[in-house]
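Colleague: I have just opened this one and would like a guided look. Could you take me through it?

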Amino acid sequence: PRISEFLGIYIYLYYTDHGPAHFHAIYGQYDAAIEIETGVILAGSLPPRVSALVREWAESYRAELAANWERARRRERLEWIPGLE
C-alpha cells in the first residue's frame with residue numbers, strides 16, 4: 001500500500017517484503033528499496049536530488065516508518081505518513 005506521497009515521489013510499504021525493514025520510493029521510472037534504520041538504498045536507484053529528498057523525509061519519519069513496518073508484519077492496516085512540506 002501507498003503510505004505517503006510528495007513532490008511526485010510515491011512511498012510504498014509491502015506486506016510481503018522480507019527484512020531488513022525497508023520501504024519503496026517510486027519516482028517516474030525509478031524504484032528504490034530503502035532501509036528504514038539507515039536510509040541506505042538496498043536495491044534500485046533514484047536520481048540524486050530525489051534520493052536526498054527521500055532521505056530527508058525518512059529521517060523525519062523514521063519512527064512512523066518502523067511502526068508501519070511492524071504493522072505490515074502483523075498484517076494490520078498501515079498508517080498514512082505526511083510528505084515533505
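This is a predicted model: local features need pLDDT of at least 70, side-chain atom pairs count only at pLDDT 80 or more; totals for chains, interfaces and linings use all residues.

Colleague: Ok, where is His24 placed?

Modeller: His24 is in strand β3, residues 22-27; strands here are DSSP runs of E with at least two residues, helices are runs of H or I with at least four, and both are numbered from the N terminus.

Colleague: And is His24 buried or exposed?

Modeller: His24 has a relative accessible area of 13% and so is buried, where buried means under 20%, exposed over 50% and partly exposed in between, with a 1.4 Å probe and protein chains only.

Colleague: Which side chain does the side chain of His24 make a polar contact with?

Modeller: That partner is the side chain of Asp17, at 2.9 Å; a polar contact is a pair of N or O atoms within 3.5 Å, where within protein one must be able to donate a hydrogen and the other to accept it, and residues adjacent in sequence count only if both atoms are side-chain atoms. Leaving aside neighbours within four places in sequence, His24 is also in contact (heavy atoms within 4.5 Å) with residues including Tyr10, Tyr12 and Ala32.

Colleague: Switching to the core, which residues touch the most other members?

Modeller: In the largest nonpolar core, which has 23 residues, those are Ile9, Ile11, Phe23, Ala25, Val54, Trp57 and Leu65. Such a core is a set of buried Ala, Val, Leu, Ile, Met, Phe, Trp, Tyr and Cys residues joined through side-chain atoms within 4.5 Å.

Colleague: Which element gives the most to this core?

Modeller: Helix α1 does, with five residues. As for Val54, not counting residues up to four places away in sequence, Val54 touches Ile9, Phe23, Ala25, Ile34 and Leu46.

Colleague: How many aromatic pairs are there?

Modeller: The count comes to four aromatic pairs, taking rings of Phe, Tyr and Trp (its six-membered ring) with centres within 6.5 Å, and calling planes under 30 degrees apart stacked, over 60 edge-to-face and the rest tilted. Tyr12 and Tyr14 form a stacked pair, 5.9 Å centre to centre with 15° between the planes.

Colleague: Why is the pair of Trp57 and Tyr61 tilted?

Modeller: Their planes are at 45°, so the pair counts as tilted, and the ring centres are 6.0 Å apart. Trp57 is buried at 0% relative accessible area, and Tyr61 is buried at 19%. Phe6, Phe23, Trp57 and Tyr61 form one aromatic cluster.

Colleague: Now the backbone: which peptide bond is cis?

Modeller: The bond from Gly19 to Pro20 is cis, with omega near 5°, and Pro20 lies in the loop between β2 and β3.

Colleague: What about the phi of Leu7?

Modeller: Leu7 has a positive phi of about 50° although it is not a glycine. Leu7 lies in the loop between β1 and β2 and is exposed, at 58% relative accessibility. Arg75, in the segment after α2, also has a positive phi, near 60°. For background, most residues other than glycine have a negative phi, and most peptide bonds are trans.

Note on methods:
Residues are numbered from 1 along each chain as its sequence is written. Side-chain values use heavy atoms; hydrogens and water are left out.
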